[in-house]
Amino acid sequence: MSGWLDFLSDPGLARAAATCAFAAVGAGLVGCVLTARRLALVADALAHSLLPGAGVAWLLFGSSMTALLVGGLIAALATALGAGLLARLTRLKEDAAFAALFSALFAVGVVLVQRAGTPVDLLRFLFGEVLAVGPADLRLAATVATLTVAGFGLFHRAIAIECFDPVFHRAIGGRSALIHSGLLVATALNLIAALHALGIVLALGLFMLPATTAYLWCERWGAMLVASCAIAVAGTFIGFAASCRFALPSGPSIVAALGALFVLSALFSPRHGLVARLRRPHRHLREGDTHTVCER
Amino acid sequence: MLSLRDLTLCYGRTPAVHHVAAEFPAGALVAVAGPNGAGKSTLLRAIVGLHPATAGSVLLDGAPAGDQRHRLAWLPQRSVVDWDFPLAVGDVVAMGRAGRLGAWRGFSAADRAAVAEALTAMGLDELIDRPIAALSGGQQQRVLIARALAGGADVLLLDEPFAGLDLNAARDLVARLRAWVGSGHRLALCALHEIDVARADFSHALLLATHLVAAGAAHEALADANLASAFAGPIVHDHGAHR
């Protein structure tokens, strides 16, 4: 067993694992919102649109963490704002506007990074470099995770209502637009926090896999938030330990571990798993169950 | 209790409903009927303040309804809510208190009592821990109404609450609404297409065809002659009324 935990005694590896774990906590929470509101495409779009912003910042300021953060955030928010405006001012729906914008911006980002850097640099943006994370990455991930947890703690009621029924939220005087914007900013910040370690493509797995896994197990919103964080952190450590043990690339190992937890849940979750569904007998009318069966 | 004074509502320059005048007393269960595009949903949205009045006014107990928004609850069709969301019945009904509690204030004994009363009024006590994904259509509608009741509303405005429900579930819902309006200074208006249900179980009705065809006791307002007049006339589409 000790072979699996050897990475904890190496400061560099332990820092990388801690960075990923912090990123997992924030991504686990934000991922629940994206899953519940069916906004997976928005996360995808924001992640891809980070590239031109981070790319320009990197060209202008080198590997400055602040510059990458600000550049990525500006690009992501510009995408969200642009998609919102397109949806309101043209006949496009918001998902189509997001898809159109992020495809174009991603292509611009690839050109920018390729033009100024090397293919290796582009790969770093796309897939990250877990073992190269430094103290600044750890601080950023810890800060963003803390802010995300605090935000969800402070606004848990408004977030739940906004995710479940935004029309009702507006009707009772809730600050629907503020919460929605805050969640978009939280998505962008958490993507940037995970960018160096996991890259644009793999970071998405950290958002969507724990939340969708938790969704297969939980019937309550609070439980789903906690479970998603726990699954994200557990999958991160399992993947990281496996990558150290078997000399595998760390980022893909983490996302693959989360993917394995998701597949196991999709198969064996007692209520919503495939096996349970196949084994469930056809329902017949039972006393006291008439509403459930008859009216659906 | 509720007075509509010469109310005219427009989409742009096109009137969706014009010159509607009617009065409904406390305890009334009002069917708002009429063909598609007659302006039923628009009228409900205007009463709750979601659609501006071009002319006329809405009074609640003699004062402008716009100043008493907390007393009004508008329920859109239940299909606008994601029923796969991971919540239990009690969680959704408790959301009804959020407008009073704000973002941070915790639940008090009074809040818990209001939620319990709303659950009981809609016959949901035994379903409090049931995931909303496991509810029938009728139960879903009752959960949304209970959420509005928990918020302390005493005027309910329901947009097609019987859509998709079988006759038993619809009758059950009407009975619960009647019991609720009859137990206090309360009123409920339902936009609906189920004329038979309206005639049999509603106390009052308001029949629209962009203009007021009839208003008053349900069996009189929904008399055959009035229905023939309402459903034969030219209909203007109420653009975006369900938005």
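Author: A residue is buried if 20 or more other C-beta atoms, placed from the backbone, lie within 10 Å of its own, exposed if 12 or fewer, and partly exposed in between. The model is predicted, so local features need pLDDT of at least 70 and side-chain atom pairs pLDDT 80 or more, while totals for chains, interfaces and linings use all residues. Residues are numbered from 1 along each chain as its sequence is written, and chains are lettered from A and ligands numbered from 1 in the order in which they are written.

Reader: Is B:Ala175 buried or exposed?
Author: B:Ala175 is found in helix H6 (residues 167-181) of chain B; helices (H or I, at least four residues) and strands (E, at least two) are DSSP runs numbered from the N terminus. Around B:Ala175 there are 12 other C-beta atoms within 10 Å, so this residue is exposed.

Reader: And how far apart in space are B:Ala175 and B:Ile195?
Author: In sequence, B:Ala175 and B:Ile195 are 20 residues apart. From C-alpha to C-alpha, the spacing between B:Ala175 and B:Ile195 is 16 Å.

Reader: What positive phi does B:His19 have?
Author: B:His19 sits in strand E2 (residues 14-24) of chain B and counts as partly exposed, with 14 C-beta neighbours inside 10 Å. Most residues other than glycine have a negative phi. B:His19 is not a glycine, yet its phi is positive, at about 55°.

Reader: Is B:Thr210 buried or exposed?
Author: B:Thr210 also has a positive phi, of about 70°, although it is not a glycine. You will find B:Thr210 in the loop between strand E9 (204-208) and strand E10 (212-217) of chain B. With 26 C-beta neighbours inside 10 Å, B:Thr210 counts as buried.

Reader: Which residue just after H1(B) takes a positive phi?
Author: Helix H1 (residues 40-47) of chain B has eight of its eight residues buried, so it is largely enclosed by the rest of the structure. Among those buried residues are B:Lys40 and B:Arg45. Just after H1(B), a positive phi of about 95° belongs to B:Gly49.

Reader: How are H2(A) and H9(A) oriented, roughly?
Author: Helix H2 (residues 40-61) and helix H9 (residues 176-217) of chain A have axes 10 Å apart and pack at an angle of about 115°. Axes are lines fitted to C-alpha atoms, for helices over the stretch in contact, and angles run from 0 to 180 degrees between N-to-C directions. Angles under 35 degrees count as roughly parallel, over 145 as roughly antiparallel, 65 to 115 as roughly perpendicular and the rest as oblique. That makes H2(A) and H9(A) roughly perpendicular.

Reader: How many nonpolar residues are in the contact of H2(A) with H9(A)?
Author: The contact (C-beta atoms, placed from the backbone, within 7 Å) includes A:Leu50 of H2(A) and A:Phe207 of H9(A). Ala, Val, Leu, Ile, Met, Phe, Trp, Tyr, Cys and Pro count as nonpolar, Asp, Glu, Lys and Arg as charged, and the others, Gly among them, as polar. Two residues of this contact are polar and one is charged, while the nonpolar residues number 16.

Reader: Which helix gives the largest share of the side of chain A that touches chain B?
Author: Here 21 residues of chain A are in contact with 23 residues of chain B. Helix H7 (156-164), helix H8 (166-171), helix H10 (221-246) and helix H13 (290-295) of chain A each supply at least two residues of that side. The largest share, four residues, comes from H7(A).

Notes
Contact = placed C-beta atoms within 7 Å.
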